[in-house]
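Open the model in your viewer and keep the selection panel at hand. The stops below each give a selection and then what is found there.

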Amino acid sequence: MKSKNLLKMAVFAAVLSTGFASCSSDDDEDNSVVSGSQTALDQACADWKTARANWENTEAFLFGAADVYSIDPHTDTWPVAANDLADVLRDEKAMSKLDNFIKTANSGILGYHGLEYVLFREGQPRKVDQITNLEYNYICAVAKDLYYATSTLEAAWDSKESNAERHKIALDYVSSHNAINDDGDAEGKLEGFQNFGKAFKNPGTGDWATALDATLEIISGCQDIIGEVGESKIGLPYTGEDKAYIESPYAYNSIIDFYDNIVSCKNALYGQMDAKTPNEKSLIYFCKNAGNAKLAEQANNVVSKLDAALAKIKAMKAPFALYFSDASSKTAIEGLGELNDALDELANTLKSYDGNATVEAQCKVINENYVDNVVLATYRILADNAKKLYDSIVKIKK
């Protein structure tokens, strides 16, 4: 979920041009500047970019835990609610109990973009002597919560529940955080912990009735983020419908985000992180080698459109925050539309094999590989690097 109503265009423009909203109106407010290291801040910004790339590589599989536990909106809502965040930094009650406050705060001030808002200016690390102690305390708490959220994703997709520490974190996260509504506000308790990795591997035990249903979810997960990148992330600013709807505008990371989103699709379809060619247990490999000319042709078309979409995104004029109306945005949108259409054709052909025992057996192989070598592998690196980001942020203060 990405909130569309948290920030108006005028606020976005003002924050982008002038920096962090001033909190100096209260005479008794702590406006002291953190005693910190610029080198440490620069490292935290570098670690933010790494952790950010890891997150964007998960967006082809935001079903399951990321959705059910509201982790996607809790960690990745944008644009930032700048005025709300400024108010929090004036709120003594919230600032005195940050760990608890963040569990139920509006999602527009949290996660990757809450951190980005404090750490970056115009694509560069902020000057450490501009960061207040209140901001420092806040980003430490947000980064800690981000690590717990990503640990929960890993634990919820680990079919063997092999990491006891992160499994414990996940149980606590699910019991202490709330669901998030469309306005970004906490609303009711989360469902109890469940293991989505086990359910995806074993049809009929969870959300997927058959192995083919789960395999088709791989495609629909890709299509969800392809549509979001093309129609919303690029499309809303490009068309002028919502010029404030720009992801990662303070770090100038938008185009990298878009690219990494589609890399997540490539990983999902190829059955492996950073795959150059499809894994032998992947969806694309099966379709190309199943002895079915139609499936093979459609799979080859997906591969071609996938590579083309990535190339068109990479060629966009940067930074997107300044050049979102450039013609290269339209080219990328068109490429993403063609990729989505290619996946539609492939999915429709696969649906015609519902009930086929041979296809069902092969889909089970695809799904097991997908859980272990794509979803869990990505979430494990995500949590590892979220922890590094938290540690780096803590070290900003001397």
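Start with I180, whose bridge partner in β4 is A186. This is a predicted model, in which local features need pLDDT of at least 70 and side-chain atom pairs count only at pLDDT 80 or more, while totals for chains, interfaces and linings use all residues. Residues are numbered from 1 along each chain as its sequence is written, and side-chain values use heavy atoms, with hydrogens and water left out.

**The hairpin**

Select residues 178–180 and 186–189, which are strands β3 and β4; they run antiparallel and are joined by two bridges. Two strands count as paired if DSSP finds at least two bridges between them. Helices (H or I, at least four residues) and strands (E, at least two) are DSSP runs, numbered from the N terminus. Five residues separate β3 and β4 in this hairpin. In the turn, pick G184, which has a positive phi of about 85°.

**Whole chain**

Zoom out and colour by secondary structure: the protein has 18 helices and four strands. Along the principal axes, its C-alpha atoms fill a box of roughly 75 × 50 × 35 Å. The radius of gyration is 21 Å, which agrees with the value near 21 Å for a compact globule of 398 residues. That radius is taken over C-alpha atoms, and the globule rule is 2.2 Å times the number of residues to the power 0.38. Of the 398 residues, 57% count as buried; buried means under 20% relative accessible area, exposed over 50%, and partly exposed in between (1.4 Å probe, protein chains only). Among contacts (heavy atoms within 4.5 Å) with a separation of 6 or more, 79% come from residues 24 or more positions apart.

Select residues 133–157, helix α9. Its 25 residues reach 37 Å from the first C-alpha to the last, close to the 36 Å expected at 1.5 Å a residue. The expected span is 1.5 Å times one less than the number of residues. Because 22 of its 25 residues are buried, α9 is largely enclosed by the rest of the structure.

Next, show L115, L119, Y138, W157, L350 and I393, the residues with the most contacts inside the largest nonpolar core, which has 115 residues. α9 gives the most to this core, with 13 residues. A nonpolar core is a set of buried Ala, Val, Leu, Ile, Met, Phe, Trp, Tyr and Cys residues joined through side-chain atoms within 4.5 Å. Centre on I393: leaving aside neighbours within four places in sequence, I393 is in contact with A44, L115, L119, Y136, I139, C140 and A143.

**Salt bridges**

How many salt bridges are there by the rule used here? The count is 18, a salt bridge being a side-chain nitrogen of Lys or Arg within 4 Å of a carboxyl oxygen of Asp or Glu. Side chains of opposite charge can pair when their charged atoms come close.

Select R166 and E154, whose side chains meet in a salt bridge at 2.6 Å, N to O. The pair links distant parts of the chain, with R166 in helix α10 (residues 164–176) and E154 in α9, twelve residues apart. R166 is buried at 8% relative accessibility, and E154 is buried at 1%.

Move to E247 and K233, a salt bridge of 2.9 Å, N to O. E247 sits in the loop between α12 (211–239) and α13 (254–270), and K233 in helix α12, 14 residues apart. Both E247 and K233 are buried.

For another pair, select R90 and D87, which form a salt bridge of 3.0 Å, N to O. R90 is partly exposed at 28% relative accessibility, and D87 is partly exposed at 44%.

**Two loop residues**

Is T58 buried or exposed? T58 lies in the loop between α2 (38–56) and α3 (65–68) and is buried, with a relative accessible area of 0%. Not counting residues up to four places away in sequence, T58 touches S264, T378, Y379 and L382.

End at Y353, in the loop between α17 (327–351) and α18 (357–394). Y353 is partly exposed at 24% relative accessibility. Beyond four places in sequence, Y353 touches L212, N292, L295 and V359. Y353 and L212 are 141 residues apart in sequence and 8.4 Å apart in space, C-alpha to C-alpha.
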